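Subject: Structure handover

Hello,

Here is the structure for you to take over. Please open it before you read on, and keep it on screen.

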Amino acid sequence: MNYKLEFVKIGPTHEVAGVGFAGNIFIIMSALSHLKNVDDRMYVDMETNECVCTEHDIVLHDTMNSWEYYFDQIKLTEGAPITHMDIFQGKGDLTYNNRDVYLNPNSFIDLRKKFYDNFQIKGYINIIVDEFYDSKIKGKNTLGVQVRLTDYTHGGHNFPPIEKYIARIKQILEESPEIEQIFVATDDGKVIPVLEETFDIPIIYWGDMFRADDENLHLDPHDRLHDDRELHRYNLGVECMKEIFTLTKCDHLLMAWTSSISIVASILSENIKNVYKI
């Protein structure tokens with residue numbers, strides 16, 4: 001059976017359908033739990049309604065469906081039976097707030113296979129990530145860390161500050177002295193020099209990415225949507241893909257307090273042997 005998952009707004013205050021890019025991947029993974037047969041397939045519709053990475057009235061990678069900027073997927077056969085669902089009807093078995101569920105990537109072997117049976121990462125993304133991995137990570141025992149700050153530490157969220165991440169990283173390094181370097185994925189560029197000053201081992205990260213800084217703190221969840229750089233929203237998705245799939249290749253993963261980037265990286269793990277939480 002073929003399924004079509006349509007992204008819609010989750011509330012009246014939301015500017016776009018769905019949530020952030022990694023959160024949208026999480027929603028898709030949850031919806032995949034509805035697929036019971038090995039030949040069931042899911043088509044993701046991020047074209048009917050504007051999503052976080054949608055570029056208005058622009059065809060990129062031969063599509064106006066923003067999911068297909070980053071992933072190849074099946075094409076629906078005209079006239080074939082299709083089960084339609086939106087992101088509310090498609091809500092499946094995955095839980096977002098119980099971080100303990102994601103401490104063992106081997107628990108998600110079946111879901112990982114189901115994801116890649118339906119979606120393939122675009123070749124240009126694979127090339128970019130593989131080049132970074134080959135030059136920066138391959139052969140070096142690496143701790144991947146996602147530091148999620150900005151709006152999560154304001155407006156009543158009260159999520160852990162950078163000091164909590166530093167303390168946990170120090171504990172992990174004491175327990176695992178074989179770790180040679182730290183790969184940092186973060187929404188807040190201000191934390192990178194702090195980590196570089198704190199730790200003696202190399203801190204590696206993707207440079208030239210859109211992150212919060214002293215001039216733009218991104219204290220509102222929608223702040224990231226708006227910038228005057230060329231193809232800003234498309235590039236938000238590229239940057240998220242780069243960080244997620246680099247994290248999957250690290251030997252260890254320290255998850256952010258609550259973030260879909262960490263969750264998706266654990267589920268789609270390639271090399272991760274140990275997952276830690278704050």
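Below are notes on the nonpolar cores and then on the salt bridges. Keep in mind that this is a predicted model.

**Nonpolar cores**

Start with the largest nonpolar core. It has 65 residues. Within this core, F7 and F71 have the most contacts. Helix α1, residues 21-32, gives the most to the core: nine residues.

Now click on F71. Leave out residues up to four places away in sequence, and F71 still touches F21, I25, F115, F119, Q120, I121, K122, M241 and F245.

**Salt bridges**

How many salt bridges does a search of the whole structure find? The search finds twelve. Three of them are described here.

*K113 and D117.* Their closest N and O atoms are 2.9 Å apart. Both residues lie in helix α2, residues 109-118. They are four residues apart, which is about one turn of the helix. K113 has a relative accessible area of 53%, so it counts as exposed. D117 is at 30%, so it counts as partly exposed.

*D130 and K249.* Here the closest N and O atoms are 3.5 Å apart. This pair links distant parts of the chain, 119 residues apart. D130 sits in helix α3, residues 123-136. K249 sits in the loop between α6 (232-247) and β9 (252-254). Are the two partners buried or exposed? D130 is partly exposed, at 33% relative accessibility. K249 is buried, because its relative accessible area is 10% and the cut-off for buried is under 20%.

*R211 and E243.* The closest N and O atoms of this salt bridge are 3.1 Å apart. R211 lies in the loop between β8 (203-204) and α6, while E243 lies in helix α6 itself, so the pair ties together parts that are 32 residues apart in sequence. R211 counts as buried, at 11% relative accessibility. E243 is buried too, with a relative accessible area of 5%.

One last item is a network. Salt bridges that share partners join D130, K249 and E270.

Over to you.

Best wishes

How values were computed. Residues are numbered from 1 along each chain as its sequence is written. This is a predicted model: local features need pLDDT of at least 70, side-chain atom pairs count only at pLDDT 80 or more; totals for chains, interfaces and linings use all residues. Side-chain values use heavy atoms; hydrogens and water are left out. A nonpolar core is a set of buried Ala, Val, Leu, Ile, Met, Phe, Trp, Tyr and Cys residues joined through side-chain atoms within 4.5 Å. Buried means under 20% relative accessible area, exposed over 50%, partly exposed in between (1.4 Å probe, protein chains only). Helices (H or I, at least four residues) and strands (E, at least two) are DSSP runs, numbered from the N terminus. Contact means heavy atoms within 4.5 Å. A salt bridge is a side-chain nitrogen of Lys or Arg within 4 Å of a carboxyl oxygen of Asp or Glu.
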